[in-house]
Amino acid sequence: MIEYIRGELTELTPALATIEAAGVGYGLNISLTTYSALQGKKEARLYVYESIREDAYVLYGFYNKKEREMFMLLITVSGVGANTARMMLSSMSVQELCSAISTGNAKLIQSIKGIGKMTAQRIIVDLRDKIVTMGITSEIPAGGSVATPVDNAVKDEAVSALTMLGFAPAPTQKVVMQILQEQPTLPVEQVVKLALKQIK
């Protein structure tokens, strides 16, 4: 599995970035969001999603992990393929998409080319809880209100430590998010200790 590719940015279009690493040029399909972030750069690091089918091997590149996580969630929804997910991430930022999903704003999601009413509703139903559990957003899905922002570095380190201890990532992420929303200044060790008492 390719986690990311870093190297010289040799070509850039709104839909494709070519990065040369160790003498190999990798063509990565990108969103307009990633395209904007790469403007004016000579070197780049893109996080990768590999789409491997019988008839094609396609790489998708993302400027940050949150965009890739959102892409990977979107393609789990029935009726949303990789190109549709890329279109969605080109039309809206990850935060705007999360906000639309968590507040149940189907009309806003439908405004994206290629998304019909049924697909928009399916995206909301399927992903509303997942975007919070995975830490892509810290919004509370029920009321759509914004929770206290958390320190992502502390959150990621705590979740990683607990995962290595054998706990499942999804419930671990949820518990860590709750702890950090209540006590945002806690160091990693304290978060892990508190989480160990709470994870079922």
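Which residues have the most contacts inside the largest nonpolar core? They are Met70, Leu74, Met88, Leu89, Ile109, Ile123 and Leu127, in a core of 28 residues. A nonpolar core here is a set of buried Ala, Val, Leu, Ile, Met, Phe, Trp, Tyr and Cys residues joined through side-chain atoms within 4.5 Å. Keep in mind that this is a predicted model, where local features need pLDDT of at least 70, side-chain atom pairs count only at pLDDT 80 or more, and totals for chains, interfaces and linings use all residues. Residues are numbered from 1 along each chain as its sequence is written, and side-chain values use heavy atoms, with hydrogens and water left out.

**Overall build**
- The chain has nine helices and five strands, counted as DSSP runs (H or I of at least four residues for helices, E of at least two for strands) and numbered from the N terminus.
- Going along the sequence, the order is β-β-β-α-β-β-α-α-α-α-α-α-α-α.
- The radius of gyration is 18 Å, close to the 16 Å that the globule rule gives for 200 residues, so the chain is as compact as a globular protein of that length. That radius is taken over C-alpha atoms, and the rule is 2.2 Å times the number of residues to the power 0.38.
- Along the principal axes, the C-alpha atoms fill a box of roughly 50 × 45 × 35 Å.

**Burial and contacts**
- Of the 200 residues, 41% are buried (under 20% relative accessible area; exposed is over 50%, partly exposed in between, with a 1.4 Å probe and protein chains only).
- Among contacts with a separation of 6 or more, 51% link residues 24 or more positions apart, a contact being heavy atoms within 4.5 Å.

- The top contributor is α6, with six residues.
- Apart from this core sits another one of 14 residues, including Ile179, Leu180, Val188 and Ile199.
- Leaving out residues up to four places away in sequence, Leu89 touches Ser31, Thr33, Phe62, Glu67, Met70, Phe71, Leu74, Val94 and Leu97.

- Ile2 is in the segment before β1 (4-12).
- With 23% relative accessibility, Ile2 counts as partly exposed.
- Not counting residues up to four places away in sequence, Ile2 touches Val48, Glu50, Tyr57 and Leu59.
- Ile2 and Val94 are 92 residues apart along the chain, and their C-alpha atoms are separated by 22 Å.
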